[in-house]
Amino acid sequence: MKKANHNNKYLQLREQYPQFVFQSYSFKIKKKHLTAKFLFSVSGKIKFEPSFKILSRDYIDFEQVDKATLNNLIFHIGMVELISYWKATCSPEIIIRPHFLNEEQIRWWKKLYFNGLGEFFYLNGIEADAENFLTIEPGNETLSLCKSVLEENKVIVPVGGGKDSAVTLELLAGKGFQLFPFAINPREATVRTIEAVGYSINESLIIERKIDPKLLELNEQGFLNGHTPFSALVAFTSVFSAILSKTKFIALSNESSANQSTVPGSVINHQYSKSYEFETDFTWYIKKYVHTNVQYFSFLRPLTELQIAKLFIRFPWHFESFRSCNVGSKTDSWCGKCPKCLFTYIMLSPYISRPTLERIFGKRLLNEENLKPILDELTGVTEVKPFECVGTPEEVNVALRMTFERLYAKNEVPILLRNGNANSFKDVSEKDIAAFLNSFNQEHLLPPRFLEILTEILHD
């Protein structure tokens, strides 16, 4: 992905729009749905009013949730939501009118904003530093901790429609938990994943998020734009859903490779809000300032992408229904041209037959010569990885080696694996392959019951 040089625009916008104000939030319960709205303003010149709705479910009674709990949860969702709007002008001062934040909280939010926008700063060529890119001025009204009683047999599983969340749902189903699939603006692949495991979208925890059209207008007008930490929004909204449904556990599907920086030698990580660092920071914050008993963790954190792909093939009924391609998300398809498509193809290729792979993706991606630059990014030939949710160059090369030995050692070699194209995988040894397939990252937050389940599954 090409870098732009928008640092002058960044400086000009900060001078023109010096203050971003979180003015207020409101909520109402109508037809058993809860709708929340936020009001943001920028130096008295721009106004944003995003909103979200939590759909009615038989196991949630919004009327029984005390107002202090709703205030805490909705305010914190607003604190994440504002990132998407702040980035348009990068105003040097954020004023938080609704509630008080202490210095410890302000440091926490500044870290999330800065690291979560690392890709945005990098690709826009913006020279920002963690201390001085903004100040946060809080309001006066304090928030109280949520005190709802949470049940230990309940688990929320965020579902996106890709292979990882399908694996988590499948592995936890039938293990004695009451599972609640969770999604924000579910797409077709999300619905199919949930239904393929035996759950109903109408019983799942669903949030309908609405972006203020004004933001899209500003994007068209040339205001600053770029990647924001969407997974942080998933984190806070899933906690909201957990407390409403009296659920103790939230099981994500982020793997160990999400910890690796996209730009080597920096903190710039496309997947920052999926990383173990964010997970531990978020857990600390939630327990101290939201609810002491919610447990937020990634069930797949100990595993590599290769191990997850190996688990995924146990569930072939997902093969033709899952989607990981962001480019094709609106058309429910694999575009066959992006890093996410090629990466997913490579991860599955050691385990799935070539005809099945071609049926899933619509073509033989390793024979697409135009994907050579993307392959170079994925395998570490170029310094910077793709700004997508993809694994490490090491595991891509291991997967290519496994694929070559299984499918092409004695047959026609596809274009992208021929000499002069992908040579990095040829240095991979049997020892390297075994290390990836037997890896178990000890940096995780899995509660004992979940660690036991995952360990048993890996030894099946």
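Predicted model: local features only at pLDDT ≥ 70, side-chain atom pairs only at ≥ 80, totals over all residues.

A: Beyond its neighbours within four places in sequence, serine 253 is in contact with Asp164, Ser165, Thr168, Ser298 and Leu300. With one of these partners, threonine 168, the side chain of serine 253 makes a polar contact of 2.7 Å. Serine 253 itself sits in the loop that runs between strand S10 (247-252) and helix H9 (276-289). Its relative accessibility is 10%, so serine 253 counts as buried, the cut-off being under 20%.

Let us turn to helix H8, residues 230-244. This helix has 15 residues and reaches 21 Å from its first C-alpha to its last, close to the 21 Å expected at 1.5 Å a residue. Because 14 of its 15 residues are buried, H8 is largely enclosed by the rest of the structure. After H8 comes lysine 246, with a positive phi near 60 degrees.

Setting aside residues up to four places away in sequence, phenylalanine 240 touches Leu34, Phe52, Ile54, Leu70, Leu73, Ile74 and Ile77. Phe240 is also among the residues with the most contacts inside the largest nonpolar core, together with Leu82, Trp86, Trp109 and Tyr113; that core has 80 residues. Helix H2 (residues 67-86) supplies its largest share, 11 residues. Another core, of 72 residues, lies apart from this one and includes Ile346, Ile374, Leu378 and Tyr408.

Terms used: Residues numbered from 1 in each chain as written. Heavy atoms only, no water. Helix = DSSP H or I, 4+ residues; strand = E, 2+ residues; numbered from the N terminus. Buried < 20%, exposed > 50% of the residue type's maximum accessible area, 1.4 Å probe, protein only. Polar contact = N/O pair within 3.5 Å; in protein donor to acceptor, adjacent residues only side chain to side chain. Contact = heavy atoms within 4.5 Å. Core = buried A, V, L, I, M, F, W, Y, C linked by side-chain atoms within 4.5 Å. Expected span 1.5 Å × (residues − 1).
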